[in-house]
Amino acid sequence: MTNDFAHHPVDLTSAASLAASGFQYDLVDTSDRAAFEAWFQADSRGFHGPAMSKEQVDSAFAGVTYRRTVGVWDKQLVAPEVPVATVSSWTEQVTVPGSRSIDAWAISSVTVSPTHRRRGIARALLEGELRSAVDMGLPMATLTVSESTIYGRFGFGQAVFAADLTIDTTRAAIPVRERRGVLQHVAPSVFVAEAPTVFERVRLSHPGQIKPWPLLWERIAGTAPGEEDYTKHTRVVRFDDEDGTPRGFVVYRVAGGGLDFSNHKLTVDYLLAETPEAYEALWRYVLEVDLVREVKAELRSVDEPLLWMLSDMRSARVSPIDHLWLRILDVPASLNARTYSSAGQIGFEVSDELGFANGRFVLETDDAGMPTVRAVEDLPEGMPAVSLSVNELSSLYLGGVSVSSLITGGHVVELTPGAGAVVARIFHSATTPWLSVWF
């Protein structure tokens, strides 16, 4: 979808609500460096970050001002130009089952100053973002969250989980196999230049992945301004196949050791692999780096293949977290955007406190998994059907959440016996959803 999202006006309902409380709610003029810097500093402060340097502001000014940047200001303050709340958003591509993608409204940088909490600002911001997305014709909203107790009230559901891995290298080993290809150290700048191409070749293979923006690659590699201390310790290894084509990268740092020089900790900041050969070679490299006792990797898949490659699976501690949250706004458009695992039909009775997705819907899929979705007044008699909120439908959407767990937990109700099994069969994703970055 093409839309001028960066200049889409703020939601009038939220603007009126905040104005009644004495606040100004508006777009930031991102062509005005001073206005953007004030917003950017407030955003960093909201996540307990440091004051941003001129170089960091310049980098962000070049890298993320394409987004729709929104602030809330309190003109009674000593520094009225600094917003007391922030949010930024843009149209993003989210991978869905079937090696396809859907346009979604990506929401980021949601902050409210502690001095202005419990005054309705966060609700106005988030509901304003959802109404704006609907106004632009976007079928879904998405975000990654720092707090997991906020977004359910706005209809979001956990759809993709991630895992932090901590691996004891004294116990971990990958059985030796013949290696084809070459591992080599490369400069971080090489990663920034080449990783986007490799990633784009695999992006559609994992439901939940998004299309990263250029500045993100610089931040991963530590080449963005303000990352100098991080950069000093960053190392990058590339895997090339037998034809010399780059097929994967690992970005990592090694720290610690102390008096026992063999007690270092290696942190994997990003591991990208296009092929099974690249995946195995890069993980083997990481686990076999000399003088390292522990390997830490964050935001890995909850179904990480590495765990099945290790000679001792217990050498890895796995700590899962909720990561990507989805919020369906247009049920037919969202359900029609993905493919399904089998033929069938299922009815949904969907409730939505904000009113965007309320209704009854019938999903029919053919033998190729291609869908047809229609809204109905009443669900056909005898059709397998479930009742659920938009939160649960959003969680089920990518195929990574078990409907049986939601039924047992009281979040989904079977309107006909066995309907949950039909949902599980149709919505199943052969590949576990995974998102490898924050946004």
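The lining of the second largest pocket splits into 8 nonpolar, 6 polar and 6 charged residues. That pocket has a volume of about 580 Å³. The model is predicted. The largest pocket has a volume of about 1500 Å³.

**Second largest pocket**
- Its lining consists of 20 residues.
- Nearest the centre of this pocket lie V112, R117, A122, E147 and I150.
- Strand β4 and helix α4 (121–135) are the elements that each give two or more residues to this lining.

**Largest pocket**
- The volume here is about 1500 Å³.
- L216, R219, E227, W438 and F439 are the closest to the centre, out of 50 lining residues.
- Helices that supply two or more residues to the lining are α2, α3 and α6 (214–221).
- Strands that do so are β4 (100–112), β5 (140–144), β10 (264–273) and β11 (292–301).
- By class, the lining holds 29 nonpolar, 13 polar and 8 charged residues.

**Packing of α2 and α3**
- Helix α2 spans residues 33–46, and helix α3 spans residues 54–63.
- The two pack at an angle of about 105°, and their axes are 10 Å apart.
- Angles of 65 to 115 degrees count as roughly perpendicular, so α2 is roughly perpendicular to α3.
- On the α2 side, the contact uses R33, F36, E37, F40 and Q41.
- On the α3 side, K54, Q56, V57, D58, A60 and F61 take part.
- The residues of this contact comprise 5 nonpolar, 2 polar and 4 charged.

Key:
Residues numbered from 1 in each chain as written. Predicted model: local features only at pLDDT ≥ 70, side-chain atom pairs only at ≥ 80, totals over all residues. Heavy atoms only, no water. Axes fitted to C-alpha atoms, helices over the stretch in contact; angles between N-to-C directions. Helix = DSSP H or I, 4+ residues; strand = E, 2+ residues; numbered from the N terminus. Parallel < 35°, antiparallel > 145°, perpendicular 65-115°, else oblique. Contact = heavy atoms within 4.5 Å. Nonpolar A, V, L, I, M, F, W, Y, C, P; charged D, E, K, R; others polar. 1 Å grid on protein atoms, 1.4 Å probe; cavity = no way out; pocket = protein on both sides within 12 Å on 5 of 7 lines; lining within 4 Å. Points joined across faces, edges and corners; volume = space filled by probe spheres on them.
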